[in-house]
Amino acid sequence: MLKAFLRHKSAMAGFLIICLIGLLARYLNGSIYSQTEVLSLFDNLQQSGLYLGSATMASSGTTLALMLTMVGLVRRIDKDFSDELYRTVALIGLTSAIGLISSVILLLTLSLPIGEFEKVPEIWYYVLYNVTFGLIIFVSAISVSIVLILLQTVMHVIRSITPTDQA
């Protein structure tokens, strides 16, 4: 599967760009806010993370179902598609599953209790904030990758079924 992902350079580039933007945002947040303000930062992160996690989980599940439908339709119309197309569909399925699982982990992380507890070391909030921010970056990057792989696949299918002038 890694070879199939490496063939999709735009998906790799999109993944890396989103990761770099996210890391830059995290670096800027870290240089502006002190560790004592992490609790309020996490509260803000929690709100947007819930929406992102829910939306990504729903879209990844839908994409998985649509890929299964597409394979069934292709088999039914007896259109010969290349092995590369089937590998790409498998890659989309795998990437969507990773996106769905990552979204569930993100939502579970966001459901951890957060507050000013007496016996919890202050580093706990800092670690929780960094893990959550990292998960948000990853879920965003994997979503962009899925969209770019889907776009390439749709363009490939359109090129393969569109009649061309042979004159």
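Analyst: Start with F15, which counts as buried because its relative accessibility is 18%; buried means under 20% relative accessible area, exposed over 50%, and partly exposed in between (1.4 Å probe, protein chains only). This is a predicted model, where local features need pLDDT of at least 70, side-chain atom pairs count only at pLDDT 80 or more, and totals for chains, interfaces and linings use all residues. Residues are numbered from 1 along each chain as its sequence is written, and side-chain values use heavy atoms, with hydrogens and water left out.

User: How is a pair of aromatic rings described?

Analyst: By the distance of the centres and the angle of the planes. Rings of Phe, Tyr and Trp (its six-membered ring) pair if their centres lie within 6.5 Å; planes under 30 degrees apart count as stacked, over 60 as edge-to-face and the rest as tilted.

User: How many aromatic pairs does this rule give?

Analyst: The count is 2. One of them joins F15 and F138 in an edge-to-face arrangement, with 5.9 Å centre to centre and 85° between the planes. F15 lies in helix α2 (residues 9-32) and F138 in helix α5 (residues 123-161), so this pair ties together parts 123 residues apart in sequence. Helices here are DSSP runs of H or I, at least four residues, numbered from the N terminus. F138 counts as partly exposed, at 28% relative accessibility.

User: Which geometry do Y129 and F133 have?

Analyst: Y129 and F133 form a tilted pair, 5.8 Å centre to centre with 45° between the planes. Both residues, Y129 and F133, are buried.

Note on methods. Helix = DSSP H or I, 4+ residues; strand = E, 2+ residues; numbered from the N terminus.
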